[in-house]
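This briefing collects selected features of one protein model. Please consult the sequence and coordinates shown here before reading the notes that follow.

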Amino acid sequence: MNTGKVDVLLGLQWGDEGKGKVVDVLTPKYDVIARFQGGPNAGHTLEFENQKYVLRSIPSGIFQGGKLNIIGNGVVLAPDLFMKEAQELEKSGHELKSRIHISKKAHLIMPTHRILDQAYEAARGKGKVGTTGKGIGPTYTDKTSRNGLRVGDILDRFDEKYQAHKERHLKMLKALNYSDFDITETEKEWMEGVEYLKQFKLVDSEHEINRLLRQQKTILCEGAQGTMLDVDFGSYPFVTSSNTICAGACIGLGLGPRMIGNVYGIMKAYCTRVGSGPFPTELFDETGKQLRDLGHEYGAVTGRERRCGWVDLIQLRYSVMVNGVTHLILMKSDVLDAMKTIKACVGYKLPDGTTTKELPFDLEGVEPIYQELEGWQTDMTKMTSEDEFPAAFKKYLQFIEEFLETPIKIVSIGPDRAQTVIRK
């Protein structure tokens with residue numbers, strides 16, 4: 001059977017690698033852009049024509065006229081937040097109703113899910129996971145415990161189903177002694193969001209995706225968050241509640257594994273992390289502050305300061321392996337432009353004194369072993385081809401490629417769509 005092809009684009013670190021911009025650069029080559037996991041906790045920032053957009057639930061292909069954007073079954077959707085995001089885009093002149101199809105099997109984030117999120121986090125005390133409080137975790141919990149409410153449910157006896165789920169959540173909150181909340185306003189907006197959702201084409205996305213492939217269409221699957229936040233392979237328990245790795249595209253869209261072609265893995269030239277959890281290369285000094293300031297490392301949705309550190313090649317090699325990455329995309333190399341010396345983690349010293357070049361079961365107490373590289377100390381933001389790259393930067397690219405045994409296909413040298421160099 002001759003079919004179209006499916007490529008996957010995902011983050012290789014702890015999220016915030018710059019996926020939004022890259023999807024936007026790659027989308028012209030594809031007919032369909034599909035989101036396969038995550039919820040409105042992950043913001044993809046896109047900048048072009050002096051406009052800045054933050055997408056939370058809507059696939060990044062929305063800015064390319066005539067592309068179909070699919071929100072897959074693996075996504076969790078908050079109707080009120082989706083409505084706000086979509087209306088903002090409609091205001092700026094982007095037509096959405098015909099371009100976005102939503103899976104009936106995607107689960108809905110209810111107002112009470114957000115309250116449960118806050119209640120669980122409060123109950124954890126010092127063991128906080130650092131959730132964004134958007135209700136993602138409790139929604140996925142309901143999904144796996146077979147208590148979820150799905151997009152398709154809004155088409156049949158919805159009020160009755162909603163009330164039953166809400167009652168169940170209120171009992172849970174009572175058991176947690178959590179009573180300081182009022183969802184009246186949120187619930188009103190949420191219900192408006194449900195009505196708004198009905199204006200979109202609600203589909204059985206697994207049938208639609210496979211039908212499109214039979215029609216020779218090309219599909220780009222867009223991951224939210226990073227590999228190290230994967231519920232199975234990330235730095236558990238400081239992870240998200242879904243599978244952020246390449247295999248998640250098969251589950252979150254209903255694709256057979258043999259349909260996957262190229263896997264584009266996005267990495268920053270350094271590393272960041274939001275919220276709690278281990279981070280071996282984290283810097284608490286001036287260099288860490290410099291990376292944060294130069295890289296504008298603040299959450300797109302939450303505004304939270306990101307923790308910053310040197311690039312961790314042991315962690316990245318693990319991500320390349322579990323995703324089957326075929327091409328690397330290097331982001332934010334311009335943030336390192338002024339640095340005299342750049343460090344890269346090439347091994348770990350474990351708490352028991354032994355060393356390893358593999359990602360261990362637990363990253364707590366792990367110390368990085370660094371290799372120092374010469375900085376290029378050149379402003380690269382205006383460069384348009386790799387021939388202009390300074391020798392030290394070319395050496396840095398070669399070092400990463402050899403360590404990760406994967407070619408770097410795209411290099412980003414600034415936030416704008418135009419500041420992107422595709423390598424030969």
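At what angle do helix 3 and helix 5 pack, and how far apart are their axes? Helix 3 (residues 111-124) and helix 5 (residues 158-175) pack at about 15 degrees, with axes 10 Å apart. The structure is a predicted model, in which local features need pLDDT of at least 70 and side-chain atom pairs count only at pLDDT 80 or more, while totals for chains, interfaces and linings use all residues. Residues are numbered from 1 along each chain as its sequence is written, and side-chain values use heavy atoms, with hydrogens and water left out.

**Helix packing**

- Helices (H or I, at least four residues) and strands (E, at least two) are DSSP runs numbered from the N terminus.
- Axes are lines fitted to C-alpha atoms, for helices over the stretch in contact, and angles run from 0 to 180 degrees between N-to-C directions.
- The crossing of helix 3 and helix 5 is left-handed, that is, the near helix is turned anticlockwise from the far one by less than a right angle.
- Helix 3 contributes Pro111, Thr112, His113, Ile115, Leu116, Ala119 and Tyr120 to the contact, and helix 5 contributes Tyr162, Lys166, His169, Leu170, Met172 and Leu173; contact means heavy atoms within 4.5 Å.
- The residues of this contact comprise 9 nonpolar, 3 polar and 1 charged. Ala, Val, Leu, Ile, Met, Phe, Trp, Tyr, Cys and Pro count as nonpolar, Asp, Glu, Lys and Arg as charged, and the others, Gly among them, as polar.

**Annotated positions**

- Asp16 is found in the loop between strand 1 (6-11) and helix 1. Asp16 counts as partly exposed because its relative accessibility is 27%, given that buried means under 20% relative accessible area, exposed over 50% and partly exposed in between (1.4 Å probe, protein chains only).
- Leaving aside neighbours within four places in sequence, Asp16 is in contact with Lys268, Thr272, Val274 and Arg306.
- Lys143 is in helix 4 (residues 136-144) and, at 30% relative accessibility, counts as partly exposed. Leaving aside neighbours within four places in sequence, Lys143 is in contact with Asn73, Gly74, His107 and Gly148.

- Helix 1 (residues 19-26) is mostly covered, with 7 of its 8 residues buried. The buried residues are Lys19, Gly20, Lys21, Val22, Val23, Asp24 and Leu26.
- Glu17 is found in the loop between strand 1 and helix 1 and, at 1% relative accessibility, counts as buried.
- Glu17 touches Gly11, Leu12, Gln225, Gly226, Ile266, Met267, Lys268 and Met331, not counting residues up to four places away in sequence.

**Backbone features in loops**

- A cis peptide bond, with omega of about 5 degrees, joins Tyr236 and Pro237. Pro237 is in the loop between strand 10 (219-226) and helix 8 (247-253).
- Gln216, a residue other than glycine, has a positive phi near 70 degrees. Gln216 is in the loop between helix 7 (205-214) and strand 10.
- His296, also a residue other than glycine, has a positive phi near 50 degrees and, at 61% relative accessibility, counts as exposed.
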